[in-house]
Amino acid sequence: MMHQTSSKLLRMTADDRPFTRDFKDLFSTLMVSLPLSGHRVRLSRIEHTFTTEEAITNLGSLKFSQSNRMPDPKDPSRIVTTTTTTTFSMAKEMARSVCMRFLEARFIESLEGKVDFSTRGSVWQLTPKGMHILARFCQRNGIHQRHVNDLLDSPRNAMHLVVLERDADTDKLDHDRATIDVIFRRFAGSHGPNLRASASANDSDSIQDYSTGLVGVRVQRIRKGDKDSPYVFTGKAAFDWIMDCCTVIDKREVFEIANLFLQHGVIEPAGDERHVNHVPLSTRFAASKHMLYSLTEKGMRTAGWVPNLRVSLEDDMAQQRTGMLRDSNTNRLTIILRDPALRLLFREYLRETHCEENLNFFLDVKVFLVEYQRAKQNAPASKPDTIRETLASAYGLYNAFLAPGSPCELNIDHNLRNALAGRMTRAVGEDDQMIISLDEVASLFEQALNSVFKLMASDSVPKFSREPKYVHVLRERNLENIVA
């Protein structure tokens, strides 16, 4: 049996916010550790819930183990088990603070209207957003525990989050103009306006309004019965949609995105609310149910609500036939991976075609290789714990994407798969030997990275380029050469 252990620290950004990936993994690890059983709330028993005491107690000493069993490449009759264990530990008050962050990020909600974790017996449940995050974690790590599967099989697990692209080193959102336009299309509703049935729906529960993430923010006409009047929505509705339907974990990021909508002119304060106390609100978003915003003409064009301004596939293909330079699929994929807006769309396409694990692996291995280089640059000053943690990350990636029967098993060359299996089932050693092992693992992972890149370039990119609903975005980016 091979065993790698690492003790995980929650990385913090420069503005004192946990790194999104670490934060989501901590949340998911906690949920897996909880029984998620039934609890009585008032006169009803609600399944798949947990109490304040259960959450804080488990966060105090949290352990997550991931195991993979496979035949020994040198002796198929022998079964080798590799296990990676990650532990979190924190004091009680810190655990309470982390739970509050989960609540503010809309991962969980109270069944009793509670707003903090001061009462030991308070009952909580996962939101659709929280279930989506947990489902992706379980898929990536091959978790098939019955109590978790029962929750994820429930009808409430219907969320399709907008997975926002981030800088790997700072965790800051990518917010170039094209990326904000892509987010805005989802926000406005790519299939048209999400008209509110009545004014009374204004204060309805956002979790119910946006439980799938497939509809836009709730809007209504600023003048009822006037089909030519602007579509308007409240600041609170906008805040709720961004927080519920995107992978933001902090309200500061919600305001960042909403203010960019204002700055890019796709929304604006409605009617007489353009100025408050003589201060222009064109670039200052207010998350109030009393503050109205409207979609501008530019916003409706960006959302694709104006049919005659959308680009048809035939028109774009006609431009291609006039002699415009075509690029190779390899160069197309390089452009897509470097461009946050295109990467976001490409991810959504891969999710629809059940190939998202290829992109996830590519991006995760890029991060691993950066960590590996840092560990190497600091050698021999690197502490054994740093090397051990980097190796543990490699085992986690291997078990998730490359091991035979892994939850997101990738289609890579047979010889490379055998070489990986041989290395990952061999003893690691200690101290100096760990560095040698890490070199070998990194070399094999780089080969796997190149293999997956070629697969995406040859198979997914041509299909993505021909998908009609993405053609107008590629044209707007002045990247017609991506269109196949």
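Predicted model: local features only at pLDDT ≥ 70, side-chain atom pairs only at ≥ 80, totals over all residues.
# A walk through the chain

Ser28 touches Ile133, Leu134 and Phe137, leaving out residues up to four places away in sequence. Ser28 sits in helix 1, which spans residues 20–33. Is Ser28 buried or exposed? Its relative accessibility is 1%, so Ser28 counts as buried, since the cut-off for buried is under 20%.

Step back to the whole chain. It has 18 helices and 14 strands. Of its 484 residues, 52% are buried.

Next comes strand 2, residues 37–41, which holds His39. With a relative accessible area of 15%, His39 is buried. What does the side chain of His39 reach? It reaches the backbone oxygen of Ser37, at 3.5 Å. His39 also has a list of partners beyond four places in sequence. They are Ser44, Arg45, Ile46, Thr49, Phe50, Thr51, Glu54 and Val123.

Strand 3 covers residues 44–51 and contains His48. His48 is not a glycine, yet its phi is positive, at about 60 degrees. Most residues other than glycine have a negative phi. The relative accessible area of His48 is 22%, so this residue is partly exposed.

His354 also has a positive phi, near 60 degrees, in a residue other than glycine. Where is His354 found? It is in the loop between helix 13 and helix 14, the latter being 356–377. His354 has a relative accessible area of 66%, and it is therefore exposed; the cut-off for exposed is over 50%.

Leu103 has 17% relative accessibility and so counts as buried. Leaving aside neighbours within four places in sequence, Leu103 contacts Ile108, Glu109, Val115, Phe117 and Trp124. Take Val115 from that list. Leu103 and Val115 are 12 residues apart along the chain, and their C-alpha atoms are separated by 8.2 Å.

Glu109 leads on to another residue. Arg156 is in contact with Glu109, and also with Gln125, Leu126, Thr127, Pro128 and Met131, again leaving aside neighbours within four places in sequence. Arg156 is found in the loop between helix 5 (146–152) and helix 6 (177–188). How far apart are Arg156 and Leu126 in space? They are 9.4 Å apart, C-alpha to C-alpha, and 30 residues apart in sequence. Arg156 has a relative accessible area of 31%, so it is partly exposed.

Now look at a pair of helices. Two packed helices are described by the angle between their axes and the distance between the axes. Helix 12 takes in residues 329–338, and helix 13 takes in residues 340–352. Their axes come within 5 Å and cross at roughly 105 degrees. Helix 12 and helix 13 are therefore roughly perpendicular to each other, because angles of 65 to 115 degrees count that way. Which residues make the contact? Helix 12 supplies Leu333, Ile335, Ile336, Leu337 and Arg338. Helix 13 supplies Pro340, Leu342, Arg343 and Phe346. By class, the contact has 7 nonpolar, no polar and 2 charged residues.

The loop between helix 16 (414–424) and helix 17 is the place of Arg426. At 37% relative accessibility, Arg426 counts as partly exposed. Arg426 and Ser437 lie 11 residues apart in sequence and 9.2 Å apart in space, C-alpha to C-alpha.

The walk ends in the nonpolar core. The largest such core has 130 residues, and Phe261 and Phe445 touch the most other members. Which helix gives this core its largest share? That is helix 17, residues 432–466, with 15 residues. What does Phe445 touch? Not counting residues up to four places away in sequence, Phe445 touches Val365, Phe368, Ala394, Leu397, Tyr398, Leu402 and Leu420.

Key:
Residues numbered from 1 in each chain as written. Heavy atoms only, no water. Core = buried A, V, L, I, M, F, W, Y, C linked by side-chain atoms within 4.5 Å. Buried < 20%, exposed > 50% of the residue type's maximum accessible area, 1.4 Å probe, protein only. Helix = DSSP H or I, 4+ residues; strand = E, 2+ residues; numbered from the N terminus. Contact = heavy atoms within 4.5 Å. Axes fitted to C-alpha atoms, helices over the stretch in contact; angles between N-to-C directions. Parallel < 35°, antiparallel > 145°, perpendicular 65-115°, else oblique. Nonpolar A, V, L, I, M, F, W, Y, C, P; charged D, E, K, R; others polar. Polar contact = N/O pair within 3.5 Å; in protein donor to acceptor, adjacent residues only side chain to side chain.
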